[in-house]
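Let's take a walk through this fold, one piece at a time. Keep the structure open beside you as you read.

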Amino acid sequence: MSATITSQPYGRIYNFSAGPCTLPVEVLEEARDSIMNWNGFGASVLEMSHRSKAFEGILDSAIADLRELMGIPANYKVLFLQGGASLQFSMIPMNLRPEGASVDHIVTGAWGKKSVEASNLYGGKTNVIYDAKESNYNHAPALTSLAISPDNSYVYFTSNETIQGVNYLADPANDGNVWICDMSSDILSREVNVSRYGMIFAGVQKNMGPAGAVLAIIREDLLERVPSGLPPMLDYKVMVENGSMYNTPPCWSIYMCGLVYKWMMRNGGVAAMEAKNEAKAKLIYDAIDNSSFYKGHAVAQNRSRMNITFTLPTEDLGKKFVAEAKEAGMIELNGHRSVGGCRASVYNAFPVEGCQVLADFMRSFEAANG
Ligand SMILES: *Cc1c(COP(=O)(O)O)cnc(C)c1O
């Protein structure tokens, strides 16, 4: 194979992992430099009391920076929780679906499906108003095209289905519905109008930092729905009242999210990330579109800029592709078994050069095997 392993600092390779995933080198260096003595504190964030002024400052500035990056209105609460995005699949119906009420879910992939499974465990009705299963989850219907139940308590969807590589690139309309969105794999990758949502949540390990924390942005008035008697760790109101610190929060994960937010701010914010992500994804989609060898999984208008899914003519060629890519310095290109083929995850921190190297590799692999 002629594709070259370009020299990256510290002998790092192009890591296309879907999550946890590539973090900015600058951020990793800052974290490294702070691991013995954070900012003259005399100990690292790993060792610091979460009740110290120092950690309070770290948490407060992470939240303030995120508010600025996303333009989060004042009537939204920002929380760092635990249990991953997956626990939100349960906490949302427990907290925000009044007893006996019904909610709508739009299922465009594997994560949306899991949210329904969890929602079905609690009192109330979960209407699946759209399920893209028939097409093996290769598209996302326009939100405005759906028959939303008039009596729903909220409408739930996944903005980017990480496994299938299907992306919504538009916010819901200002239509009076309480939209709840799992943005785990595309948060901060494109500009969103937060005021269109009742709640946004995201596991931080895709576009924000290392695994451990999950971000929740909740419109204040929805907290009135939280029933009494929930286990405190599963109660949004308790978490809000305690500023995400009812118990020990995932301090290191939050600290590194804060470093990533600062990195984004130094680099033009969300708008600049979005432009870069579009260009990065285009490099790889062009290699797919200009070939009859590779086939994209998602339909063109719903293609993800974060997770690019494609298949090769046979499963064996797919395996060969992944193996040879690895030799050329690119890892984690295997697709999820439900889609097959390959998946290249190229979140904010993934370098544009890596996308170019992959696109070049795809062309030479096709020439040799097509
Ligand atoms: C990764 C992912 C999840 C699950 O996140 P965990 O933090 O592992 O629970 C949920 N939704 C989406 C869209 C994801 O990409």
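At what angle do helix H7 and helix H9 pack, and how far apart are their axes? Before the answer, a word on what you're looking at: this is a predicted model, where local features need pLDDT of at least 70, side-chain atom pairs count only at pLDDT 80 or more, and totals for chains, interfaces and linings use all residues. Residues are numbered from 1 along each chain as its sequence is written, and side-chain values use heavy atoms, with hydrogens and water left out.

Now the helices, which are DSSP runs of H or I with at least four residues, just as strands are E runs of at least two, all numbered from the N terminus. H7 (residues 269–289) and H9 (residues 352–369) pack at an angle of about 5 degrees, and their axes are 8 Å apart. That makes H7 roughly parallel to H9. Here axes are lines fitted to C-alpha atoms, for helices over the stretch in contact, and angles run from 0 to 180 degrees between N-to-C directions. Under 35 degrees counts as roughly parallel, over 145 as roughly antiparallel, 65 to 115 as roughly perpendicular and the rest as oblique. On the H7 side, the contact (heavy atoms within 4.5 Å) is made by Lys-280, Leu-283, Ile-284, Ala-287 and Ile-288, while the H9 residues include Val-352, Leu-358 and Met-362. By class, the contact of H7 with H9 has nine nonpolar residues, one polar and two charged.

H7 has another helix partner to look at. Helix H6 (residues 251–266) packs against H7 at about 80 degrees, with the axes 7 Å apart, so the two are roughly perpendicular to each other. Trp-263, Met-264 and Met-265 in H6 meet Gly-269, Val-270 and Met-273 in H7.

Leaving aside neighbours within four places in sequence, Val-27 is in contact with Met-256, Leu-259, Val-260 and Trp-263. Is Val-27 buried or exposed? Val-27 is buried, with a relative accessible area of 0% (buried means under 20%, exposed over 50%, partly exposed in between, with a 1.4 Å probe and protein chains only).

H7 also lies across strands E11, E12 and E14, running at about 10 degrees to E12. Those strands form an open sheet in the order E11-E12-E14, with antiparallel pairing (two strands pair if DSSP finds at least two bridges between them). E11 (295–296) and E14 (342–345) are the edge strands. In E12, Thr-311 is the bridge partner of Lys-295.

On to the other sheet. Seven strands make an open sheet with mixed pairing, ordered E2-E10-E9-E8-E5-E3-E4. The edges are E2 (76–81) and E4, each pairing on one side only. From one strand to the next, the twist averages 15 degrees. Strands E9 (residues 199–203) and E10 (residues 214–219) run antiparallel, joined by five bridges, and Phe-201 stands opposite Ala-216 in E10.

Finally, E3 (residues 102–107) and E4 (residues 125–131) pair in the parallel sense over six bridges. Ile-106 has Tyr-130 in E4 as its bridge partner.

Key: Ala, Val, Leu, Ile, Met, Phe, Trp, Tyr, Cys and Pro count as nonpolar, Asp, Glu, Lys and Arg as charged, and the others, Gly among them, as polar.
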